[in-house]
Structures are given as structure tokens and as C-alpha cells.
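I opened my notebook to look around a new protein, one topic at a time. Come along and check each entry against the picture.

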Amino acid sequence: MIMNAGWKGDNNYVATVENAYIRYKSFLQSPAGGYWREDEILEVDRFNGGVCLKTDFGFKFTELNKPDVDYSLIVFIGHGAAINGTDSFQLEDKKTVVSINFLKTAIGYSTPMKLIIIVDACRSYVATADASLVLEQRAFSRGYQLKGQWCKEYYNSLIEKTVPHIEIIQSTQYNTCAHGSATGTAFTDALFDTIMQHNMEWNNRALMDRLGEYSSSFPDVLDEVKQRMAIWSQVPEFTNDSDTLFPLFAIKRPTTRVIQGGEVLGIVTN
């Protein structure tokens, strides 16, 4: 995970980028978002004047090339642009610029890739969480009897069934700016508000499923996210070089089974 809100005092500083970053990390650590452990999430250091961000980014990026890494999800929230037509984002040191093409070609160069790249940043052409914020980690599991490990195993099984491919989610269309909001960014708000709106419905679908499972991928919510972002004239884009899809939201619930006569025997867990 990477963010760049800009430097305090600069004209391009966007304080709410950090809220969006916290929301996304919290969702990933929720049962519905994959139940990622803290030690599975690498975060590029924040700029403090003494850390070389380019070196830190490079070190953490090489971790994704290790043989035991089956699947990677890269999230960037902050400042970016289409530099000479190449979509890129900037680290907080104001000097290091990383192209999305680099992310696509460097990871898994020795083996087929399973990779999602999410970039919530401007794509404007350039020539050469608030204390009261409800964290998704709690919000998506409240009242639904979700067991994080069950959801994680289901989430991982969905990834295992996909063929190696790359999915890219960009928060806005080419040659346009991405907008911040009072609670994060326009894209993050639209994405998680959409998921939250469907949370009860999707949990009920899991309850009705024979195995207690339900999942959705980004294309399942894309149209609604676009509708929510219309007021910003900001259109998110999704690309995929495969017919298979990685999960965005995946839950596994305990389900009850009723036999003839109406007697509840118990909870079926497999």
C-alpha cells in the first residue's frame, strides 16, 4: 500500500487522502475484504526527511517477487498523472515517479502473475480517516456471524481458481483529475458506499447459499460506482486481460438446515 497526500502547506496537499488509505486498509483486513493479516500488508514508508522512499519502495516491491507470493494487490492513493501519456503516480518525496507499466512488468517476471493494481489518482496529462469514520473492518462484519478465517479461506480459494492475469482499477478516465472528499476521495467513498449498501443483501445471499458463500468482483459494482461519481464528472475505469476475475468482496457464513418436520438440527460448517 502506498499513499501520497502531498506535503502540508503545499497547494496540492489533500489531507483526506489518509482517510481513504485507512478505509481501504481496514476493508482489506475485514472478513469481507479478504481478512488480510498485518504481516501480509507492506506499506511504503511516509516521508520524514530521513528515509529514501525510492529505496524503501524498491525493497518492498521486490518482496512481491518471492516464490511464495501467489497473488499481489497494489493500492496507491494520492497524486498521479499521465506523464507524456504514461499513467504514473508519485511518491511522497516529490521526486520518485512510478509508471503503472512498471508495476505490470516487474512483478512475477519469472512466473505468471496474479495481480490487481488500484490507483486512486489524477490522470491529467503532464508533459515531460477522520476520527469519527466508521472503519470497514467492523462495519462489514457487524451482526452477520462472519468468521474471518472462513472468509479468508473462501477468498483465497476464489483466487486459486483464476488464471494468472492482471486487473487494473483507475479512479478516473484519461486526462482528468481525481477529486478528494470530506471523508477520503470521491472514488473511495463511491466504492465503499456501494459495497455497504449491498452488504445486507450479499450476506443474505450467502445465508441462502448451500455452502453459505457469496462473492462479488469489481465489475459487479462498477456501474453503481460510476453513478455515484457522476457529480464529479469522474469516471472510474476497469481493465482485465482475462476472462476470470479476482474477488472484491467474499464471505462465508454458517448456515442452518431444516429437515422435514421443521426441526433445526444445527449449524452446518462444511
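These are my entries, in the order I looked things up.

**Entry 1: confidence**
I began by noting that this is a predicted model. I looked up the mean pLDDT of the chain and wrote down 85, with 83% of the residues at 70 or more. Then I asked which helix has the lowest confidence in the chain. I found that helix H4, residues 136–139, is lowest with a mean of 50, while H7 is highest at 97. I also marked residues 128–136, where the pLDDT is below 50. Beyond near neighbours in sequence, that stretch has 17 contacts in the model.

**Entry 2: the nonpolar core**
Next I looked for the largest nonpolar core, and I counted 45 residues in it. Tyr 24, Leu 73, Leu 191 and Phe 218 have the most contacts inside this core. I listed the elements that give two or more residues to this core: helix H1 (17–29), S2, strand S6 (114–120), H5, helix H6 (186–208), helix H7 (218–229) and strand S13 (249–252). Which of them gives the most? I found that H6 does, with eight residues. There is also a second, separate core of 19 residues, and Val 44, Leu 64, Phe 89 and Ala 121 are among them.

**Entry 3: Tyr 24 up close**
I picked Tyr 24 and left aside its neighbours within four places in sequence. Its contacts are then Met 1, Val 75, Ile 77, Ile 118, Leu 191, Phe 192 and Leu 248.

**Entry 4: the largest cavity**
H1, S6 and strand S8 (165–170) each give two or more residues to the lining. The largest share of this lining, three residues, comes from H1. By class, I sorted the lining of the cavity into 13 nonpolar residues, one polar and one charged.

**Entry 5: the largest pocket**
How much space lies in the largest pocket? I wrote down about 870 Å³. This pocket is lined by 32 residues, and the closest to its centre are Trp 36, Glu 40, Val 69, Tyr 71 and Ser 72. Helix H2 (53–63), strand S2 (72–78) and helix H5 (148–161) each supply at least two residues of the pocket lining. H5 provides the largest share, five residues. I sorted the pocket lining too: 17 nonpolar, three polar and 12 charged residues.

**Entry 6: Thr 16**
I found Thr 16 in the loop between strand S1 (2–4) and H1. Is Thr 16 buried or exposed? Its relative accessibility is 16%, and the cut-off for buried is under 20%, so I noted Thr 16 as buried. Not counting residues up to four places away in sequence, Thr 16 touches Gly 180, Ser 181, Ala 182, Thr 183 and Gly 184. I also checked Gly 78: Thr 16 and Gly 78 are 62 residues apart in sequence and 9.7 Å apart in space, C-alpha to C-alpha.

**Entry 7: two positive phi angles**
Last, I looked at backbone angles. Tyr 35 is not a glycine, yet its phi is positive, about 55°. I located Tyr 35 in the loop between H1 and H2, and it is partly exposed at 33% relative accessible area. Asn 175, also not a glycine, has a positive phi of about 65°. Asn 175 is in the loop between S8 and strand S9 (180–181), and its relative accessible area of 46% makes it partly exposed.

Methods:
Residues are numbered from 1 along each chain as its sequence is written. This is a predicted model: local features need pLDDT of at least 70, side-chain atom pairs count only at pLDDT 80 or more; totals for chains, interfaces and linings use all residues. Side-chain values use heavy atoms; hydrogens and water are left out. On a 1 Å grid over the protein atoms alone, a cavity is a set of points where a 1.4 Å probe fits but cannot get out, and a pocket is an open set with protein on both sides within 12 Å along at least five of seven lines; lining residues have an atom within 4 Å of a point. Grid points are joined across faces, edges and corners, and a volume is the space filled by probe spheres set on the points. Helices (H or I, at least four residues) and strands (E, at least two) are DSSP runs, numbered from the N terminus. Ala, Val, Leu, Ile, Met, Phe, Trp, Tyr, Cys and Pro count as nonpolar, Asp, Glu, Lys and Arg as charged, and the others, Gly among them, as polar. A nonpolar core is a set of buried Ala, Val, Leu, Ile, Met, Phe, Trp, Tyr and Cys residues joined through side-chain atoms within 4.5 Å. Buried means under 20% relative accessible area, exposed over 50%, partly exposed in between (1.4 Å probe, protein chains only). Contact means heavy atoms within 4.5 Å. pLDDT is the predictor's confidence in each residue, from 0 to 100.
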